[in-house]
Amino acid sequence: MTNNNSQQRNRALIIGGLGIALLIGVFLSPFASSDPDGLDRVSQDLKFEDKAIEDAPARKLPFYGIFDEYALRGVPEGIATPLAGLIGTLATFGLAWGIGKLVIRRSSSEEISDRNNP
């Protein structure tokens, strides 16, 4: 019975965390600063932003055609950033969930094999 309560609490924590992340990704992302960040800012400060390679490796990534900076391509401007936040949050959650399931499954199977082979 304790295990069931623990699972329910874990599920509530995961759903609550995902909900908060989605709220931030969808509703707060449009308010992010439009100022350049990271390497963009440094390249502007040091005056080498125009020396980028024409055929940048990032353009070869599978998602380059879908996302433009922090927005979704081909979508009206008002919803492009919130949609990108939604997709990015769900993709990140899915990857973390999947990796977590693989790690837990692998450690559980190793424990069982250790018990069977003392």
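I looked up the largest pocket and found about 680 Å³ of space in it. I took a pocket as an open set of points on a 1 Å grid over the protein atoms alone, where a 1.4 Å probe fits, with protein on both sides within 12 Å along at least five of seven lines; lining residues have an atom within 4 Å of a point. I took a volume as the space filled by probe spheres set on the points, which are joined across faces, edges and corners.

The model is predicted: local features need pLDDT of at least 70 and side-chain atom pairs pLDDT 80 or more, while totals for chains, interfaces and linings use all residues. Residues are numbered from 1 along each chain as its sequence is written, and side-chain values use heavy atoms, without hydrogens and water.

I noted 22 lining residues for the largest pocket, with Asp40, Ala52, Ala56, Ala58 and Glu69 closest to its centre. H2 gives the most to this lining, 4 residues; helices are DSSP runs (H or I, at least four residues), numbered from the N terminus.

I then turned to the second largest pocket, which holds about 380 Å³ of space. Its lining has 16 residues, and Ala32, Ser33, Ser34, Tyr70 and Thr81 lie nearest its centre. Helix H3 (residues 77-116) supplies the largest share of that lining, 3 residues.

I also checked threonine 89, which lies in helix H3. Threonine 89 is buried, at a relative accessible area of 17%; buried means under 20% with a 1.4 Å probe, protein chains only. Beyond residues up to four places away in sequence, threonine 89 touches Leu18, Ala21, Leu22 and Gly25 (contact: heavy atoms within 4.5 Å).

Methods
Helices (H or I, at least four residues) and strands (E, at least two) are DSSP runs, numbered from the N terminus. Buried means under 20% relative accessible area, exposed over 50%, partly exposed in between (1.4 Å probe, protein chains only).
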